[in-house]
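User: I'd like to learn how to read a few local features in a model like this one. Could you take me through them, with the general idea ahead of each case?

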Amino acid sequence: MDHLPQRRAAALFWALAVILAIAPAARGREAARRLVDYRPVLLECHGPEGEKRLAIRRMRLDGETVVLTVDPATLETRLEAESVWRCLETNEAEQKDTRFLRALRPRPGDSDEPRLAAAGRSLSISAGLAHGAGAGSFLTGDLCPSRRPLDREFLRRLAERTPGAPVALSVSGLWIERHGADFDWLMGEAANGALRIDWVGHSYSHPYVPRLADAQNYLLRPGVDLDAEIFRVERLLIERGATPSVFFRFPGLVADARLMEELRRRHLVALGADAWLVLSPPPRDGSIVLVHPNGNEPAGLRLFSRLLEQGRLPQPFRRIEEAPE
């Protein structure tokens, strides 16, 4: 009996199955936006209706010159074609009275607490804005590199309990690259209004060596390329359809004065936390709450859910742009 037709049919079936299996991934790669010539700037931009924004990044995105703009009053960011704006170079002195420039240098009582003396310098172990203005609280979640999947159920329960809940997700570049499906799911939750996500840079590689002292760890490790750590994660977010915020969270919440100043020069607001739930006292009004939905800290997620059920989390949850004075 000649089995050649059956073999050909089977080969065709499996070839078609392989094509169908890889097609979504291929479409995802093709859908990624082409981004080149990404660089920091500081421009004052005026729109056709008289509106004013500041541009902190310029790039070529799918062949068009695009700027990442910041509303100097609300701190909201947008990616916009530069052609619809009239943008001129500016400097920090000219913008010093804007809320955005004030946010780059938060009040001493709201940032850099607590501190440790390390190798003759002051080392912050909650680097950046650690407590926000006003009532309610600010929910943040860190997506450090992890082999575990995103805890989608935690975020689903949050959305069910508080539809459209604002959450600032501090995301590392390696997490995005290794968790493409989870990132796409988050983008879908934002698109359908289940969650209101602000994307916070959390470095590209999130360097960390267990048992190494903080003063030589994280972004303080010798040889770390700070620009690469900051800009690579911003580029990844943009290429995948998201808009970076003006906030950046240091890995481990650890930085020194030099790192803080280098971050400010790149026009990013350092984001700390005063309510890392597994390590801190219960949140209070204005607390910046920190959990890890990347699968690495289930105890923190359980504690958050318990506090939420008990009504012990200050309400409402507010967007992180509202936290600076």
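This is a predicted model: local features need pLDDT of at least 70, side-chain atom pairs count only at pLDDT 80 or more; totals for chains, interfaces and linings use all residues.

User: Let's start with S203: is it buried or exposed?

Analyst: Buried means under 20% relative accessible area, exposed means over 50%, and partly exposed is in between (1.4 Å probe, protein chains only). S203 has 0% relative accessibility, so it counts as buried. Residues are numbered from 1 along each chain as its sequence is written, and side-chain values use heavy atoms, with hydrogens and water left out.

User: Where is S203 found, and what is its phi?

Analyst: Most residues other than glycine have a negative phi, and most peptide bonds are trans. S203 has a positive phi, near 80 degrees. It is found in the loop between β10 and α6 (226-239). Helices (H or I, at least four residues) and strands (E, at least two) are DSSP runs, numbered from the N terminus.

User: What about D37?

Analyst: D37 also has a positive phi, near 55 degrees, but D37 is found in strand β1 (residues 35-46). With a relative accessibility of 45%, D37 counts as partly exposed.

User: Which residues does a cis peptide bond join?

Analyst: Q315 and P316, with omega about 0 degrees. P316 is found in the segment after α8 (298-309).

User: Next, rings. How many aromatic pairs does a search of the whole structure find?

Analyst: A pair of aromatic rings is described by the distance of the centres and the angle of the planes. Rings of Phe, Tyr and Trp (its six-membered ring) pair if their centres lie within 6.5 Å; planes under 30 degrees apart count as stacked, over 60 as edge-to-face and the rest as tilted. The search finds six aromatic pairs. One of them is F183 with W199, a tilted pair at 5.0 Å centre to centre and 40 degrees between the planes. This pair links distant parts of the chain, 16 residues apart: F183 belongs to helix α5 and W199 to strand β10 (residues 195-201). F183 and W199 are both buried. There is also an aromatic cluster, made up of F154, F304 and F317.

User: And which charged end sits over the ring of Y204?

Analyst: The rule here is that NZ of Lys or CZ of Arg is within 6 Å of the ring centre and within 35 degrees of the ring normal. For Y204 it is the charged end of R232, 3.6 Å from the ring centre.

User: At what angle do α3 and α5 pack?

Analyst: Axes are lines fitted to C-alpha atoms, for helices over the stretch in contact, and angles run from 0 to 180 degrees between N-to-C directions. Helix α3 (residues 152-161) packs against helix α5 (residues 180-191) at about 5 degrees, and their axes are 12 Å apart. Angles under 35 degrees count as roughly parallel, over 145 as roughly antiparallel, 65 to 115 as roughly perpendicular and the rest as oblique. So α3 and α5 are roughly parallel to each other. From α3, R152, L155 and R156 make the contact (heavy atoms within 4.5 Å), and from α5 it is A181, D182, W185 and L186.

User: Last one: what is G132 in contact with, beyond its neighbours within four places in sequence?

Analyst: F138, G286, I288 and A323. G132 is found in the loop between β7 (121-124) and β8 (138-143), and a relative accessible area of 7% makes it buried. The C-alpha atoms of G132 and I288 are separated by 6.5 Å, although the two residues are 156 residues apart along the chain. For the chain as a whole, residues 24 or more positions apart account for 68% of the contacts with a separation of 6 or more.
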